[in-house]
Amino acid sequence: MKKVTISPPPMFYWFIFFCYLLSIISLTPLSFKYYPVVIWLTMFFVSAFLVWLSFVKNRKGHSRSPTKSSLYKTIIFLCCVHALTFFVGCFCYRYRFHGSIEYSVIFFLAALISLGVATYFYLDFIGEEGRYFNKISAFIIKSSWVVLSFGAYFFSRSIFMTATDMPYDQVVTKSSVLGYAFLLYSFIYINLSIFLILWLSLLSKVTKSRTGRGKIYSSYVIFVPCILFWIMASGAYGLNSSNVMKLIFNVTIPMDSRDTFFCHDTYMKVNAFPEAVYMKVGESDYRLAIPIRYEYKFIRLKCSDFPPYYSLNSVKVESDLKYSRVSRVFYNLITDLESLSSGR
C-alpha cells in the first residue's frame with residue numbers, strides 16, 4: 001500500500017515560531033543585559049525566513065501532499081489561534097493597557113483554551129492511541145492524586161507558617177494555604193499532561209487509508225505548540241514564582257482576616273497602619289498583615305494591660321536575624337568610636 005506523509009504547511013511552523021519569538025521579546029525587560037542578543041536573534045530568524053520564502057517562491061516543480069482532513073485543518077487553525085492569542089496576551093501584559101492586566105488575562109485564557117481544544121481534537125483524531133492515552137492519564141491521576149495533593153498542601157503550609165509564624169493548628173484551613181496548594185497541584189498536573197502529550201505525539205503515527213492509499217499525518221502539528229508553550233510557561237513560572245505567591249496571598253489573606261482586633265475589652269486598630277488586616281491566632285494574640293507593594297509584611301500583635309494596650313514585634317526569619325546581628329555589631333562599633341573621639 002502506497003503511503004503519503006501529510007504535514008502542516010511550512011508557513012504554519014514559521015507562524016508559531018514567530019508568535020512565540022515576539023512573545024519572548026514582549027516579556028523581556030529593556031534593562032535585561034542580554035536584550036540586544038534577543039533582538040539580534042530575532043533579526044537573524046527574520047532574515048532566514050525571508051531567504052526561505054524567496055527560495056520557495058523561485059523553486060519550480062515542488063509538490064506537497066494536500067491536507068484534506070477537515071479535523072486536521074481545524075487542529076492547525078486552533079494552534080495558530082493559540083500562538084496568536086498568546087502573543088497578544090504577552091503584548092498587553094508588557095504595556096499594561098489602561099493600567100490593568102485584564103486584557104492579558106483574557107488572551108492568556110483564550111490561548112490556553114484553544115490549545116486545550118486542539119489537543120482534545122488531536123486525541124480524537126488519532127483514534128485508538130488517543131483512547132489508550134486517556135486510560136494511561138486516568139491511571140496516573142488515580143494513583144498519584146493523593147500523594148501530590150498532600151505534598152503540595154504540606155509545602156504550601158510550611159511556607160505560610162514560616163511567613164506568619166503561626167502554629168500548625170491555625171493554618172490547617174487557611175485560604176492562603178489551600179489556594180497556593182491548589183496552584184502547585186494544578187501546575188504539576190498541567191506539566192504532566194503536556195509531557196504525556198509530547199511523548200504520545202512523538203511516538204504516534206496517524207494513518208488513514210482510503211482505497212489502498214495510506215496517509216500518515218504528522219504529529220508535529222500538536223508537538224510544536226505544546227513544547228513551546230511548556231517552555232514559556234515553565235520559564236515564566238520559575239522566574240515569577242515569588243510574584244505568584246504574592247498574588248495568591250493578596251487574594252486570600254483578606255478572606256482569613258478582619259480590619260480590627262479585640263484588646264482591652266474593645267475593638268481597636270493600629271493607626272500607624274490604616275490598611276493593615278488582622279488574623280487571630282489565639283486569645284490576645286494576632287498577626288498584623290501589612291500590604292506593601294503587592295506583598296504582605298507580618299507583625300506579631302500581643303494585647304497588654306498598659307497603653308496603647310498592645311505590643312508589636314516583626315516576624316523574622318534566619319536571614320533577618322543575621323542582618324540584625326550585623327547591624328548591631330556595626331552600631332556598637334560606631335558607638336565605641338564616637339565615645340573614644342569624644343573622650344579625647
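**View 1. Ser156 sits inside a helix.** Helices are DSSP runs of at least four residues, numbered from the N terminus. By that numbering, Ser156 belongs to helix α5. The model shown here and in every view below is predicted. Ser156 has a relative accessibility of 2% and is therefore buried. Setting aside neighbours within four places in sequence, Ser156 touches Ser176, Val177, Tyr180 and Ala181.

**View 2. The whole chain holds helices and strands.** There are 10 helices and 9 strands. The chain has 344 residues, and 34% of them are buried. Its accessible surface is about 21,700 Å². Carbon and sulfur atoms account for 66% of that surface. Consider the contacts with a separation of 6 or more: 63% of them join residues 24 or more positions apart.

**View 3. The largest nonpolar core has 36 residues.** Phe12, Ile16, Tyr20, Cys79, Phe86, Val221 and Ile222 have the most contacts inside this core. Five elements each supply at least two of its residues: α1 (10-27), α3 (70-95), α4 (102-125), α7 (175-203) and α8 (220-239). Helix α3 gives the most, with 10 residues.

**View 4. Phe12 is a core residue with an aromatic partner.** Phe12 is one of the residues with the most contacts inside the largest nonpolar core. Its relative accessible area is 4%, so Phe12 counts as buried. Beyond neighbours within four places in sequence, Phe12 contacts Ile76, Cys79, Cys80 and Val221. The structure holds 18 aromatic pairs. One of them joins Phe12 and Tyr13, with ring centres 5.3 Å apart and 70° between the planes. The pair is edge-to-face, because planes over 60 degrees apart count that way. Tyr13 is partly exposed, with a relative accessible area of 25%.

**View 5. Four aromatic residues form one cluster.** Its members are Tyr20, Phe86, Phe108 and Phe229.

**View 6. Thr119 is a buried residue of helix α4.** Its relative accessibility is 9%. Buried means under 20%, so Thr119 qualifies. Which residues does Thr119 contact, leaving aside its neighbours within four places in sequence? They are Ile197, Ile222 and Cys226.

**View 7. Arg94 and Leu27 are 67 residues apart along the chain.** Their C-alpha atoms, however, are separated by 6.2 Å. Arg94 lies in helix α3. Is Arg94 buried or partly exposed? Arg94 is partly exposed, with a relative accessible area of 24%.

**View 8. A nonpolar patch lies on the surface.** Ile141, Trp145, Val146, Val147, Phe150 and Phe154 make up this patch. Together they have about 580 Å² of accessible area. Ile141 is in helix α5, which covers residues 128-164. Its relative accessibility is 42%, so Ile141 counts as partly exposed. Helix α5 also holds Ser156, which is buried at 2% relative accessibility.

Technical notes:
Residues numbered from 1 in each chain as written. Predicted model: local features only at pLDDT ≥ 70, side-chain atom pairs only at ≥ 80, totals over all residues. Heavy atoms only, no water. Phe/Tyr/Trp six-rings, centres within 6.5 Å; stacked < 30°, edge-to-face > 60°. Buried < 20%, exposed > 50% of the residue type's maximum accessible area, 1.4 Å probe, protein only. Patch = residues over 30% accessible without salt bridge, like charges linked within 9 Å, V, L, I, M, F, W, Y side chains within 5 Å. Areas by Shrake-Rupley, 256 points an atom, 1.4 Å probe, with all protein chains shown as cover. Salt bridge = Lys/Arg side-chain N within 4 Å of Asp/Glu carboxyl O. Core = buried A, V, L, I, M, F, W, Y, C linked by side-chain atoms within 4.5 Å. Contact = heavy atoms within 4.5 Å.
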